[in-house]
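Please have a look at this structure before reading my comments. Keep it open beside you as you go.

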Amino acid sequence: GVPLTVRNLHVSIDDKEILKGVDLEVKPGEIHAIMGPNGAGKTTLGFALMGHPRYEVTEGTVMLGDQNVLEMEVSDRAKAGLFLAFQYPFEVSGVTVANFLHQAVNAVRGEEISVWDFQEKLAEKMELLEMDESFAGRYLNEGFSGGEKKRNEMLQMLLLEPKIAILDETDSGLDIDALKVVAKAVNSLRGPNFGAIVITHYHRILDHIKPDVVHVLMDGRIVKTGGPELALEIEKKGYDWIKAELGLAD
Ligand code: ADP
Ligand code: MG
Ligand code: MG
């Protein structure tokens, strides 16, 4: 595995500075949770790491092992082993889930995986996620529920076998079944060659994915770092006590 090292990361959207110097190191085998109130910059961090063009990095470095992530195109970041889970909002008529995932695997590997090998792998991962076989034949995102989109995304993650996965649990949240699918997928990849950043407003998902390290992001900076107990404390007490500790007015 390789570490993801973020140093002094500053990110702006439309010239407004959102991240004001984030430091983070995810070592192989570790799962880090990033928690924080709404508007703290959590989603901005995820998109900036993946290279979303709207999020402008103005300062700092991001390294995946000895590779400079900030110099890479989005597709090269994926090839290098970064994965960002976000819900594809678009529907693609005429492209099935299986087609789409096969293309995604080929693109990231940079070589064709045979239809036979792909089907075998797909079936194995779908079984793990307790997905019905018929799902693979459906058109991408057409009529998908939120939970089905999330399952599709987790299936993609399992097939791509990223070195570092970044999961942003949107504020709208997921139902408990979808949450369990996310947890099952992440926990199945857990090991010395895999690291993850789980971004979440709530504690819920951390009941199913036990983080090694918990960070609190507030006002564009990581203001507190601890173990799993920090997530429990936030569940009980919210974020106001941390703001008070920092002397940040609400
Ligand atoms: P979080 O995920 O922690 O709720 P975000 O990263 O989504 O926070 O947002 C951080 C800040 O950036 C907020 O003040 C938000 O209003 C602003 N912001 C987010 N996305 C955009 C955007 N596309 N354009 C302008 N401002 C944005
Ligand atoms: Mg938000
Ligand atoms: Mg967000």
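This is a predicted model: local features need pLDDT of at least 70, side-chain atom pairs count only at pLDDT 80 or more; totals for chains, interfaces and linings use all residues.

The points below take up the sheet, a helix on it, the ligand and a pair of helices.

1. Six strands form it, in the order β6-β9-β10-β3-β11-β12. The sheet is open, and its pairing is mixed. The edge strands are β6 and β12 (221-226), and each of them pairs on one side only. From one strand to the next, the twist averages 20°.

2. Strand β6 covers residues 82-85. The partner of β6 is strand β9 (residues 164-168), and the two run parallel, joined by four bridges.

3. Move along to β3. This strand spans residues 31-35, and it pairs with strand β10 (residues 195-200). How many bridges join them? There are five, and the pairing is parallel. Here Ala 33 stands opposite Val 198 in β10.

4. A helix lies against this sheet. Helix α1 packs on it and touches β3, β6, β9, β10 and β11 (213-218). The direction of α1 makes about 145° with that of β9.

5. Helix α1 matters for the next point too. Which element gives the largest share of the shell around ligand 1? Helix α1 (residues 42-50) does, with three residues. The surrounding residues include Ile 13, Asp 14 and Ile 18. Also among them are Gly 39, Ala 40, Gly 41, Lys 42, Thr 43 and Thr 44. Arg 54 is another one of the shell. By class, the shell has six polar, three nonpolar and three charged residues.

6. Finish with two helices. Helix α3 (residues 97-109) and helix α5 (residues 146-160) have axes that come within 10 Å. These axes cross at roughly 35°, and the crossing is right-handed. Which residues meet there? From α3 come Val 97, Leu 101, Ala 104, Val 105 and Val 108. From α5 come Asn 152, Leu 155, Gln 156, Leu 159 and Leu 160. Eight of the contact residues are nonpolar and two are polar, with no charged residue.

Terms used
Residues are numbered from 1 along each chain as its sequence is written. Chains are lettered from A and ligands numbered from 1 in the order in which they are written. Axes are lines fitted to C-alpha atoms, for helices over the stretch in contact, and angles run from 0 to 180 degrees between N-to-C directions. A crossing is left-handed if the near helix is turned anticlockwise from the far one by less than a right angle, and right-handed if clockwise. Two residues are in contact if their C-beta atoms, placed from the backbone, lie within 7 Å. Ala, Val, Leu, Ile, Met, Phe, Trp, Tyr, Cys and Pro count as nonpolar, Asp, Glu, Lys and Arg as charged, and the others, Gly among them, as polar. A residue is near a molecule or strand if its C-beta atom, placed from the backbone, lies within 6 Å of it. A residue is buried if 20 or more other C-beta atoms lie within 10 Å of its own, exposed if 12 or fewer, and partly exposed in between; C-beta atoms are placed from the backbone. Two strands pair if DSSP finds at least two bridges between them.
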